[in-house]
Amino acid sequence: MNAASVASETEPLAERVRLEIERTIARSIKGVEYIASPAPAVGSSPKELVYKDGTLNLFHYHPQSDEIYRVPILVVMATTNKGYVLDLAPGQSLVEFLLRRGFDVYMMDWSPPRPDEKRLRFEDYTHRFIPSCVELVRNRSGERDVTVLGYCMGGVLSSIYAASHPDGITNLVCFTTPIDFSQMTLFQKWADRRYFDVDRLVDTAGNVPADLIFRGFEMLRPASRGMGQVQLWDNLWNDDFVRSFRMFERWGNDTLPLAGEYFRDTTKMLMWENALHRGTLELAGERIDLSRITVPALHVTAEHDHIVPAEASKPLIESIGSHDKENVVLKGGHVSVAAGPSASRRLWPKLDAWLAERSF
Amino acid sequence: MADKAAPDPLAPWRELLSQWEKSANSLANRGMGTDGFSGSMNQAMNVLLTGQQSLGEAMVKYLAALNLPSRADLLTLGEQLGAIETQLASIARILERQNAPAAPPLELPPRTKRPPRAPQ
């Protein structure tokens with residue numbers, strides 16, 4: 001072995017060592033920056049609050065293209081979380097992507113319910129809030145047709161709305177939406193009616209505290225929070241990783257309390273009776289039958305969803321009566337399927353193509 | 001291109017941590033998916049709620065004895081204030097519409113966009 005070949009073999013190793021030393025130094029410097037700097041801004045796409053009814057906020061995002069599709073989109077956010085997960089930051093925002101692709105986007109986002117809003121029932125969401133917003137979107141846009149897009153529990157509410165108002169919408173899109181609640185095994189176990197006294201919780205607490213909801217989600221993957229901190233340390237040198245981590249961490253910590261009666265209804269009707277899947281759910285005096293949904297429907301589920309497993313979400317497309325319906329399983333988790341870098345490569349182009357064909 | 005040429009010395013550590021996370025989550029889920037865990041967790045919550053309820057009731061009596069409003073009284077007051085605020089806001093909106101020129105609505109682009117492959 002001559003001197004030249006020894007040098008060529010040791011060069012990559014030396015380069016690697018140099019890289020690791022640089023990263024270690026960067027970790028120390030950035031670690032101080034991390035502690036000293038405020039959390040990054042989120043939800044920055046320009047928007048206007050066009051309607052507010054207690055816990056409900058209806059936002060209209062300002063269009064970002066010269067011409068827009070005829071049919072506006074109404075996003076129904078999950079009641080447990082803030083809607084800015086779909087509008088994290090420029091370049092990492094589903095909302096911004098849709099605006100730039102020529103869609104007119106509205107979002108039903110939620111504030112923490114006030115103490116007096118503990119009386120809000122499940123049907124207030126499906127038969128009052130969503131219909132009011134659909135009507136407002138129609139009036140504002142001058143269009144009869146509206147696409148409703150629901151995320152997680154927002155998908156449950158949207159599906160129920162679509163089933164009970166067959167003429168109410170033009171397209172239905174759902175992300176990671178549970179229908180068969182018997183398949184949400186850990187939540188089922190924790191909400192076992194033999195042990196879980198939901199009446200006592202709601203009667204005592206009024207609205208269900210955000211901390212209880214947050215811990216419930218966190219307990220599904222108890223080791224992951226600690227591991228997240230390790231990953232953060234490992235990637236402290238990487239500004240993009242740190243920025244993204246902080247935005248998602250902030251969003252996770254921003255879990256919302258739930259209106260007491262809404263939580264009681266959800267527990268009894270969906271978790272205990274599994275009434276939506278069994279076709280026995282009754283709201284506002286009518287039975288909810290998902291087969292009455294006949295509009296084009298798209299359901300996007302995540303391959304590694306630890307909150308809503310495939311067995312729980314799969315029945316949505318099977319149950320609805322539309323001819324034009326599609327279930328798409330994408331790589332990712334419950335959140336990363338809709339927000340973040342992998343969503344921008346997988347879900348967003350698919351959604352754009354699906355919506356474009358049905359929005360003019 | 002050193003990243004490709006030289007092995008990452010921390011890669012085994014990362015892999016180990018990833019495996020540990022999966023195993024720990026799986027193990028914890030098995031433990032938390034039992035009747036025993038659910039019973040204990042809900043029992044603990046019931047104890048907490050009972051304590052909260054008893055404390056709340058005692059505080060109501062104590063505050064009443066001191067002739068002070070309880071939390072429920074303040075919440076009722078808050079509800080009434082909220083209702084008054086809502087009514088005031090709607091009156092203000094009506095007055096604004098009557099007295100001031102309407103703010104220009106958001107300029108929306110034409111709704112003429114079509115998908116790339118759609119027939120014109």
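**View 1. Domains of chain B.** An automatic or database domain assignment divides chain B into domain 1 (37-67) and domain 2 (69-98). The C-alpha centres of domain 1 of chain B and domain 2 of chain B are 31 Å apart. This is a predicted model, in which local features need pLDDT of at least 70 and side-chain atom pairs count only at pLDDT 80 or more, while totals for chains, interfaces and linings use all residues. Residues are numbered from 1 along each chain as its sequence is written, chains are lettered from A and ligands numbered from 1 in the order in which they are written, and side-chain values use heavy atoms, without hydrogens and water.

**View 2. The open sheet of chain A.** Eight strands of chain A form an open sheet with mixed pairing, in the order E1-E2-E4-E3-E5-E6-E9-E10. Strand E1 (47-53) and strand E10 (325-330) of chain A are at the edges with a single partner strand each, so one side of each has no neighbour in the sheet. From one strand to the next the twist averages 15°. Strands (E, at least two residues) and helices (H or I, at least four) are DSSP runs numbered from the N terminus, and two strands pair if DSSP finds at least two bridges between them.

**View 3. Strands E3 and E5 of chain A.** Strand E3 (residues 73-76) and strand E5 (residues 147-151) of chain A run parallel and are joined by 4 bridges. A:Ile73 has A:Thr147 in E5(A) as its bridge partner.

**View 4. Helices across the sheet of chain A.** Helix H4 (residues 153-164) of chain A lies across E3, E5 and strand E6 (171-175), at about 145° to E5(A). Helix H15 (residues 347-356) of chain A lies across E3, E5, E6, strand E9 (297-302) and E10, at about 170° to E6(A). Axes are lines fitted to C-alpha atoms, for helices over the stretch in contact, and angles run from 0 to 180 degrees between N-to-C directions. Contact means heavy atoms within 4.5 Å.

View 5. B:Asn42 belongs to helix H3 (residues 35-65) of chain B. B:Asn42 counts as buried because its relative accessibility is 3% (buried is under 20% relative accessible area, 1.4 Å probe, protein chains only). Apart from neighbours within four places in sequence, B:Asn42 is in contact with A:Trp190, A:Tyr195 and A:Phe196.

**View 6. A salt bridge between the chains.** A:Lys189 and B:Asp35 form a salt bridge, with the closest N and O atoms 2.9 Å apart. The rule (a side-chain nitrogen of Lys or Arg within 4 Å of a carboxyl oxygen of Asp or Glu) finds 5 salt bridges across the interface of chain A and chain B.

Technical notes: Buried < 20%, exposed > 50% of the residue type's maximum accessible area, 1.4 Å probe, protein only.
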